[in-house]
Every structure is written in C-alpha cells, then in structure tokens.
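Take a first look at the sequence and the fold together.

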Amino acid sequence: MASDELVFFVNGKKVVEKNVDPETTLLTYLRRKLGLCGTKLGCGEGGCGACTVMISKFDRSQKKTIHFSANACLFPICALHHVAVTTIEGIGSTKTRLHPVQERIAKSHGSQCGFCTPGIVMSMYTLLRNQPEPKMEAIEDAFQGNLCRCTGYRPILEGYRTFAKDGGCCGNKVNGLGCCMAGKQNNVGQGCCGEKVNGCCMNGKENNTGLISSELFNPSEFQPLDPTQEPIFPPELLTHTDQPQKQLCFKGERVMWFQPSSLKELLVLKAQYPTAKLVVGNTEVGIEMRLKNMLYPVIIAPTWIPEMNSVQHTEEGISFGASCTLSHMEEVLQKAVAHLPPYKSEVFQAVLEQLRWFAGPQIRNVAALGGNIMTASPISDLNPVFMASGSKLTLASNEGRRTIRMDETFFTGYRKTKLKPQEILLSVEIPFSRKGEYFSAFKQASRREDDIAIVTCGMRVLFQEGTDQVQDIKLSYGGMAPTTVLAVKTCQELIGREWREKLLQEACRLLAGEMNLSPSAPGGMVDFRRTLVLSFFFKFYLTVLQKLGRELNGNNNLADTVPARYASATQLFHKDPVKNVQFFQEVPPGQSVEDMVGRPLVHLSAAKQASGEAVYCDDIPHYENELYITLVTSTKAHAKIVSIDTTEAQNVPGFVCFVSAKDVPGSNVTGIANDETVFAKDTVTCVGHIIGGILADTQEHSRRAARAVKITYEDLTPIVTIEEAIEKQSFFELVRKIEKGNIQKGFEEADHIVEGEIYIGGQEHFYLESHCTIAVPKREDGEMELFVSTQNLTKTQEFVANALGVPSNRIVVRVKRMGGGFGGKETRNTILSTVVAVAADKTGRPVRCMLDRDEDMLISGGRHPFLGQYKVGFKKNGRITSLDVTYYSNGGNSVDLSHGVMDRALFHMDNSYNIPNIRGIGKVCRTNLSSNTAFRGFGGPQGMMVTECWISDIAMKCGLPAEEVRKLNLYNEGDLTHFNQKLEGFTLRRCWDECLANSDYHSRRKLIDEFNRKNRWKKRGMAIIPTKFGISFTVPFLNQAGALVHVYTDGSVLLTHGGTEMGQGLHTKMIQVASRTLGIPTSKIYISETSTNTVPNASPTAASVSADINGMAVLNACQTILKRLEPIKLAKPKGSWEDWVSAAYCDCVSLSATGFYR
C-alpha cells in the first residue's frame, strides 16, 4: 500500500509531505525539516512544556475552529492532516514586531535562561486566542504543563497578570504609575504596602541608603492586545470541512499509520490488525516507543470517527465517544454541573476534581478518554472513578456491539482489559448520581500539579432513602495493585451498616487487610500507600457525614458528628490568588540616564528568547555530512565487561560505526581527579557508565542501533548507599576536618546534650536544556572546534585535548548560551564532550549529541546525599556551648567536585550561629552511583540543614520557640567564625530584626497557632531562619578572570569575558560594567559568545562570584582603553565617542585590550 500525502500548515505556510514516517514527531519535523528551532526539546515526554505549540483545526463534531496547546515532542506528524500549527516564530519576531505575549514576558524579566520561554509564550498565546481577557486563575492553570527552572514563576505571572481582567496588584494600574489599590475606597494614598512614603513603605525606614522601588516595568508601555490582528485559520482548510474525509495510510521504515474516516473502516482495520494500537493523543504510546523501546508496527488513529467524538446526554448520564479529549470532556461536565441539581452531579464533580490535577493542558487537550481507560494504568487518575461509579462501556467489533459496566473484572492483569483483540472501546457513559448517593475522588502525588499518582481512588455510597444505612458502596483504588481494584470484601461487609464511627473503624480494619502490599511492591513507599488507603476513606467518611447531616436535617444527631476541628479534612484544595512584589534600591539622584548600573535592565537576550530566535547548542544548523552519536551505557552498577556485540546494531539503517576505548587516540583517563575514563574499558562502576557510542546518520537510527548493542557482564558487588559505604569503609581519601575551641570542655559546661542524625537525600539536575555537544574536526594539525553547553570551557578544552592527544591550543570551545546550568554543567558535561570529540576524530566528520532527559539524569549525577551525625551541648536558655558533627556524603563513582562540596558543607556547619567549641569532620563515600557533582549551594544547604535540625532539637528540649534559640546564638559584629574569619560590617542582627518587623512575624505566628488549634488535619506554619552563603571558590587560584575588549572604528564595542551565560544575566551585567566605565550607551556594546580562543584559562562560571571577578576584568580592560584615549579626549573635550575612537585609529592607538583580575 502506497503512502498518502500529508497536508498541513505551519505558521500560515502550506506543507505537503509525501514521505511521512509515523515515528516522526512534530518537534523533530519542525526543528530538522523546517528549521524552526524556537520550539525546544526539554523532557521528551510531555512534562515540561518547552515544546509547546498551538494546534488549530476545524472540529466537525463541534462545528467550529478550535485552538489548543500541545506538546510537539509527542504529537505525531501523521496526526496533522488538514491541521494548522503555530509555533513561536509564527506570532512575532525582533525583526518585525514582538507579539504582546512575547514583549511582556521579556520586559517583566520573566525570561532568564530562556529555554522554557517559547513554550510558556505559546501556552499564554493559546489561552488568549480562546479567552482574550482571561481571569488570573485561568492564566495559572494554562501553565500547569510548563516548567521553569530559573525564575520561580513570579516574574512570568507578574508580566502576564497585565492581560487578566482581574489582574489586581498591579496588573491593571490606576493613577498613573501608582498601585491599583490607590484607586479603591479606604485606600487613599495607600498601595500594596500600606502607607507609602515616596512610593514604598520601606522608604520610611531608618538607615536606608536609597529609595526602594517595586517598579520593575511600566505596563502602560506595553503594546495592547488586539485579537483582530491574529493570524486567521487557513481558508484552504475550511474548504475541506464540507467534503467527506477519506481513509489515509502512511508507511515508514518500521511503522504503518492508518487514519480511517468511518467506524466501519476502523472495525475492518482492527479485525485485520488485532494487535494494532489505537492512538489519539500519543501521550502514552509515544512515550513507550521513545523511552521504553517498544515498537507498534501498526497504529490506527480514530480521531475522524464521528461516533467516537460525539457527546450524548442520556437518561442515565452523559455518553462520551472514546476519542473525546479530556479537555472536551471537562468542558462538557463543567456545563452539566452548572445546570444540574447538585445531587445529580456527584460523579461529574469527582471527575472534574481529578482532571484539575491530571497532567497539564497540553496533555489534556490531546489525550483521549478511551486511551486513558485502555492504557489500563494501575495508577490511572480516572479509572477508579469510572469503576466506583459503574460507568458503562460500549464496545464494538465486526461482530457487533456490546455494553458492559466497568467493574472489578474489567482489568484482567497489568495493562490488560477484558476486550477481545478485535474489539475497540466506542464510548463511555458516566452516570448521574441519585438522591442519597455520594461520590468522592482523591489523588495523592509527589506534587499537586502535573504529576503521576502515588495512590488514587473513587468512592461511592448509596443510602436507603431517608436514613444513614448503607444500601450500596463501591471503593476503588489505583496504585495498590497491578490493576485498578475494587475493595470487594470491604464493600460487602459495609452494606446494611449505619454511617457511624463504628463503620469507620470496621472499614479501616477491612481495608488494611484487603488493600495489602508486599514490601517489594513496584513503586515502593509501601507503608505510605497503605496509609493513604485509610486516609482517603476517612476523608470520604467525613465528607459524606457532613452531607448526610445537611440532607437529613439533623435527624439522628448526624449534624453534630463532624467536629469543627475535623472539618478541614472535607475541604477540597483551593489555590490562593498569587500575590507578589519585588523591591529593589533605586539609583542615586543625578545618575546619568545612560548609566544602567543599578537599574532593572531587561536581560539583553530576553526578546530573542521570547521570540524563539535565541540560539542554543542544538539549534546550530546541521553540518553537511554530520553524524549523530548515541551513548551505550552500563546497565550494571558494578561489573566486569565480558563482551560487546555490535552485530545487530550494524544492521540498523544509517549505522556508521561503534566507538569505544580502543578508539581514543590520546589518554582514556579523564576527570577532575584523573579517576574516570572516557569509555569504560574492563569494568563499569555505575549504571550509566559510558562504554561506547553508536554513530549513525540520524538521531533515530543512532538510538535504535545503540539499543541493539549486546553487552555481557560479570557481576561484582556494588555499594550504593552511605550506610553501605560506612560499613565497608569505602571512602575517597582526604578526610576533611575543622576544629575550634575545646569541644570536651564545652560539653562539660552544658546543661543538656543531645545526639541525633539526619539524612538528606539527593536531587536530580533539571536544567531545561540537557547536555549537548557538537564537535567539528578541522582536518589539519589536530584542530577541533566544539560547541558545548558548559559552565567550564577550560576543563572541556583540557579534557578533550587530553583524550585526542593534542595540545590545548588545537581545541576551541565555544558557548553562546545555556538553557540553565545550576552546577550540573560545571564538570559533568566533559564526560559527553570528550566522547563526541573522540567520535569526530575517528570519523573525520562533525558529530552531534544532545542527551535525552532520561540519559542525562542517568549519566550526569546530581546533588550529594548527606548523612549528618551530631552531638550538641547547650545551656537551659538554649545557648550553645559545644558541637561535634560528622558529615558523610555520597560522592558516587569518582571524586569530581565532592571534596569541594564537603569543604563548603563544613564551612557552613555553623550556619549563622556563634559556637565557641566546634568540630566538624567530613567524609566522602565512594559508591557505585553516577558521580555526584556541583549543585546550587554546593554543599552549603546540606551543611545548614544539619545545623537547623539540631537547633530544632535544642528548642524542643528547652521548651522554647525556635526563633528565640536562633536569635540567642546569632553571630555579632567582630566575632570569629570557626574558620577564623572576622565578621566586619556585619548586618545579620539588623536583617533579623527588620525581617521580624516587616513580616509582622509574631502577630502572624499567633494567628497560625490559633488556626492550628482549631483545625485537626489542615495545618499552617511559619518560621524565620538565618542563612549564610560563602561566595567564591574555596580553591584560591580559581578566583581569577580575564576579559577582552575590541573597539571598532564605528565606535561599537565587542566584549568578551571568561564567564558563560546560563540565564543569570551575566552578559547583561558585564555590558552594564563596560557601559559605565567607557561612558557609552549599552546599545553600543555587544557580547557574541564565550570561547577559549579569546579568553584563555577561564575559571568555571560558578561559586556565585562570576559577576564579581569577570566584572573586575572587564573594568580593567575598559580602563586600559580609556587610558589610551585620554590624550585624544583632552585634545577634543567636546568630541563624541565616535570622534575619539576614529582619531585614535588614525593615530595608530590600539583599540583592543585585555583585562585581568585576581
């Protein structure tokens, strides 16, 4: 069967594709085929939103054009027939005009590294296409499927609040630049901070060195949103709406995709291909094929089948076609709830409550109701609801139709249902509830939004009319077995019982027995999951009890049986409106308008990032003859490599070669401590240890071939945890120790001594842009150019040169910008960069690799887990006399930066407290995990976490508020730290007192205590904790920086320094420094990139010190230029910058200078 033509539109331009591969996603097509690289790859599984685009199509069932956001990383290219796609490039650009959505996120400082920005912009754009004046809640909900690692979301929401009709403080401002509150009654002269003095209440404080402002941007300067100016839906596609659709078929290398146009065609196909997968949104199958190496040779897309998209209101409920998206179902149910009497919509409300936290909008907009059921996930959010409610399922095949109820027999095993191979799910009828019937659904996940469930449930109870006697009950759970299950025995036992406390006790006893889990159950958290089963029933019990009390008008004293303290357990979660403000100190009066130092200058790449024009490593156009490499990594934590078989891999189309340790022309030894290898040779020491790499013509072929490599191992005993390392004395050398005073004497002076320990888990890196390297061999003298997403150009250059056996001067490393770093790209990028360089050297061709998110997390390591064991002595009033603490960190399989992380933990073991007698010992455990590495805080957070643990112990032992113990022990001016630094110009106590006063801490604390007394289950908390952080590298020689400044004859300045841009605005700050020093506008200064051939031997961009040291180097270079220009400026004092530069050139004065700081 020949493939059909695929016709769709992208940004208003028609695309006709004659050779469609069903395995190709929209993201891959946009980036590779169309060169639209504004849409990013973040996670590849629909979880981060970096790949968000807007899909527009004419919906025949709704008879209108609809716009919705979707994840391009999962959206199949084959599903785009007669559909329009809008990407970030299609709504505005810096070359023409930014769209208001792009402009506002840029100018409100909502884009930092910028990698997530296109996805966030497209989510907001899609919302505005559907709701030009949304409410603030709708704006927040629109971002459920978008992650941002940099901003904390505050500036994003602050900028987009200006679109909301209920924008509040300060989206829709009145009285010019004042606060919106200023126009309200009883708020005359007041704003968000009460009584305003020169614009802010803070300006009335003593000791303020300058005016405090919160005016980061001026909304009145934003372009207005004009919905009439948006691109129209392509008229050509509207001409197809009245024409009958015809079945389509697309054939790829391994997969065939059918798009039937009628139910009859679908059933014929299902009979012909009984194992075929039905796909609507591809949100499950896409992940299985991409990440789980599953292959489905035949895929059938039923999205055009009218019967599978219809919604019918019946006598018993509402019937949804199985292809209806979750968003469409949500919309229909919301309307039904609004119009039906409450007793009839109990099930609908439960479904809506589950949908509130079901993935993000991008997933809900494409995922089908039928797919959710037929996936048969044991942790499905909705299946327990359908099972408990007894929803009807209509099944169809060539043999006819049948209707069944979803009950305990529907799921026959893990990911299996009772449907016959040739049957399809046609529709789902969700029933109305009846009088005397109550329904609830609950879900617990690690986080509330866009996360998979740990345990989920649906619960229904029907009472005999006018009583509290149970007539029927259904309790269904997900996450407690390989399938969604019904607690059949418990339900049978509860029928006929009265809804009283005795029933609660009996139900908990029965559920604990019936919903059991073995200690080795997949998913872990066994005790927690068993507890959730009972917790959910308790919430259901109280909720029903409360409703019964109202329904029965106080009969049987039911109304009084839910104590007021327990009522919070019945409340559904509601988000409070977002409130935020950021204060900053204004520049001194008289500062030049062109001097941007101290002003809230917008990130210089923000507009490019918001329009998708900013170029990241993988956005660089592909080179001719370029190859892609996929890493082959260990599946064992500790083992000997017996054999490597690439025979099967060589049969994959596009295969070029396998690269391994024998192909390294220089040294295979690498790493900060020379204790790692470019490729594992004989032994692997962690899961994810790089053994080799497959080079192929495309990423897809490379991936397939890498999975086909067969490796045989001989297992060795691994060490995984800190406890195992302690038991086996598996440590890296160099035990760290800091000691001050006499700890024994301190313990003797103490009234109390407390001992304890705290375990602090690790944390995965989640920079939105994963590790990426492009290596381009230059074909002469061993030269190679590398484009790398790294914070550390010097080590990347050094390690690549070492692996290739050439001097560092043959290797040029370039970094334009990174999509986040956070320490994860300080050293660990080198394990990828060296591999890619060796591959490029072997083949003599450019080689590219951008790790998938699962590969990145597997290979790159993260924050160090810590175990802190402490003994602390203190007086009755909480004054600390002595501390003895030992830190153990899990370093993984190599040293990397683990000793530096431990050093910083020891430097922070006092936090902000003066401890006269103190000893800290730090040991780094050698384990068989991927080497842990730098991560925001670099050991400081772990060190302080242990400190605050024993501070809490002291407070509890002394019966004192924790804040009193903290304040009593704070450092004072002139004190010496445990590493003998004298504290001078020390403002900690002032900060402490101001924070207490400005936050109204004590009054709020009383209100919190009162709330907690009144609420048994819902609690509030508040704490004040001092925090210190020591900036700069603990290795002194790294605190150096270089800069290079070129001034061109037209007066423009090209600035280069040793720091890298990863979203923190370092380049923006350096331009501010150069602008002030040279006395010219920032518009005349440009930074192109960071590279090793302009500034050599640069320190990593890390340790919270890059702006300081690079800024001083830039200052030094600019001062050199100014000194050379001095005679010319004296001769022409009224000349312009351009005049002086031109004269200097004519006088043969060098207009290039290096700068250095140490």
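Is Gly 281 buried or exposed? Gly 281 counts as buried because its relative accessibility is 6%. Buried means under 20% relative accessible area, exposed means over 50%, and partly exposed lies in between, with a 1.4 Å probe and protein chains only.

This is a predicted model, in which local features need pLDDT of at least 70, side-chain atom pairs count only at pLDDT 80 or more, and totals for chains, interfaces and linings use all residues. Residues are numbered from 1 along each chain as its sequence is written, and side-chain values use heavy atoms, with hydrogens and water left out.

Stay with Gly 281. It sits in the loop between strand 11 (277–278) and helix 8. Helices (H or I, at least four residues) and strands (E, at least two) are DSSP runs, numbered from the N terminus. Not counting residues up to four places away in sequence, Gly 281 touches Leu 74, Val 366 and Ala 367. Contact here means heavy atoms within 4.5 Å. Thr 283 lies in the loop between strand 11 and helix 8. With residues up to four places away again left out, Thr 283 touches Leu 74, Ile 363, Val 366 and Ala 367.

Under "binding site", an unreviewed entry lists Leu 278, Val 279, Val 280, Gly 281, Asn 282, Thr 283, Glu 284, Val 285, Phe 358, Asp 381, Leu 425 and Lys 443. These positions are spread over 166 residues of sequence, and they are also spread in space, up to 27.2 Å between C-alpha atoms. UniProt positions are given in the numbering used here, feature names are shortened, and annotations may be inferred rather than shown by experiment.

The unreviewed entry also lists Gln 791, Phe 822, Arg 936 and Ala 1103 for "binding site". They are spread over 313 residues of sequence, yet they cluster in space, with a largest C-alpha distance of 13.0 Å.

Take Phe 822 from that list. Its place is the loop between strand 38 (811–815) and helix 23 (830–843). Phe 822 counts as buried because its relative accessibility is 12%. Leaving aside neighbours within four places in sequence, Phe 822 is in contact with Arg 149, Cys 150, His 765, Tyr 767, Gln 791, Ala 934, Phe 935, Arg 936 and Met 1062.

Now turn to Arg 936. It is found in the loop between strand 43 (918–926) and helix 26 (940–958). Arg 936 has a relative accessible area of 46%, so it is partly exposed. Neighbours within four places aside, Arg 936 is in contact with Arg 149, Phe 822, Arg 863 and Pro 941.

Next comes a hairpin. It joins strand 15 to strand 16 through two residues. Strand 15 (residues 392–397) and strand 16 (residues 400–405) run antiparallel, joined by six bridges. Two strands pair if DSSP finds at least two bridges between them. The bridge partner of Lys 392 is Arg 405, in strand 16.

Some loops hold a backbone detail. Asn 293 is not a glycine, but its phi is positive, near 60 degrees. It lies in the loop between helix 8 (285–291) and strand 12 (298–300). Asn 625 is not a glycine either, and its phi is positive at about 70 degrees. Its loop runs between helix 17 (606–611) and strand 25 (627–633).

Move on to helix 32 (residues 1137–1146). Which of its residues are buried? They are Trp 1137, Trp 1140, Val 1141, Ala 1143 and Ala 1144. These residues cover an arc of only 165 degrees around the axis, so they are on the same side of helix 32. The arc is that of the directions from the helix axis to the C-beta atoms. The face turned away from the buried side carries the exposed residues Tyr 1145 and Cys 1146. The cover over the buried residues includes strand 44 (1041–1047), strand 45 (1053–1057), helix 30 (1066–1078) and helix 31 (1106–1131). Just after helix 32, Cys 1148 takes a positive phi of about 60 degrees.

Strand 45 and strand 46 run parallel, joined by two bridges. Val 1053 has Ile 1085 of strand 46 as its bridge partner.
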